[in-house]
Amino acid sequence: MRIRARYWGLGVVLALAAMLVLFVALPSSAAGGAQHVRWDIISLTGGKSPGPINPGGHASATAPDGDTITLTGSGTFVAPASGGGSGAATGGGTWTTSSGSGTYTVTGLVSWQFANFQTVPNPNIDNIDDGQPANGNAVLTIAFSDGQSGVLTVGCHGPGAPPGIFEGIATTKAYKTYYTVQAPVGGVDANRTIFHVR
């Protein structure tokens, strides 16, 4: 009986030690709490850097059939520390395609992938200034004013961003996939985004 009690006690100690190791090994973002994030499709005055960053820009993406969608917009979301989705999302903007136009509203956050904070000092004057500028991507569910729904992906590849993040937007509208992202071009005020983490 005493031998069983010793092994049982040893088992409890080992289990607690294993739980402690797992807890310490968790990523710091899991323990860091939720992130409050603002996203914007921006206007970069003159379309080149350095230049003032303002809300109110537009960005486009193209579907396989050649149709292009152009969006304006901004909003906020709360990204849980777990990395999952959230209903705490606001915002929207306008949309235009070859067959119509209207508005859209953000209905939720699917995911937020924080890459890093942008390089400081940033050569651009940030007139949004609603937290620390960040690189990454967000996937949002949206509702269009014509009754269709979709998923909006916003990518920001700003100063200091690691490779692999696109700059601009991609979206679905019902079954149509506007996944060919139109990259920003110097001297053209379009296809740029930014995140601010508060």
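User: Is Phe114 buried, exposed or partly exposed, and at what relative accessibility?

Analyst: This is a predicted model, where local features need pLDDT of at least 70, side-chain atom pairs count only at pLDDT 80 or more, and totals for chains, interfaces and linings use all residues. Residues are numbered from 1 along each chain as its sequence is written, and side-chain values use heavy atoms, without hydrogens and water. Buried means under 20% relative accessible area and exposed over 50%, with partly exposed in between (1.4 Å probe, protein chains only). Phe114 is therefore partly exposed, at 33%.

User: What kind of aromatic pair do Phe114 and Phe117 form?

Analyst: Rings of Phe, Tyr and Trp (its six-membered ring) pair if their centres lie within 6.5 Å; planes under 30 degrees apart are stacked, over 60 edge-to-face, and the rest tilted. The ring centres of Phe114 and Phe117 are 5.0 Å apart and their planes stand at 65°, so the pair is edge-to-face.

User: Which residues form one aromatic cluster with Trp112?

Analyst: Trp112 is buried, with a relative accessible area of 6%. The aromatic cluster that contains Trp112 also holds Phe77, Phe114, Phe117 and Phe195.

User: Over which ring does the charged end of Lys173 sit, 4.4 Å from its centre?

Analyst: A charge sits over a ring if NZ of Lys or CZ of Arg is within 6 Å of the ring centre and within 35 degrees of the ring normal. The charged end of Lys173 also sits over the ring of Phe144, 5.1 Å from its centre. The ring at 4.4 Å is that of Trp95.
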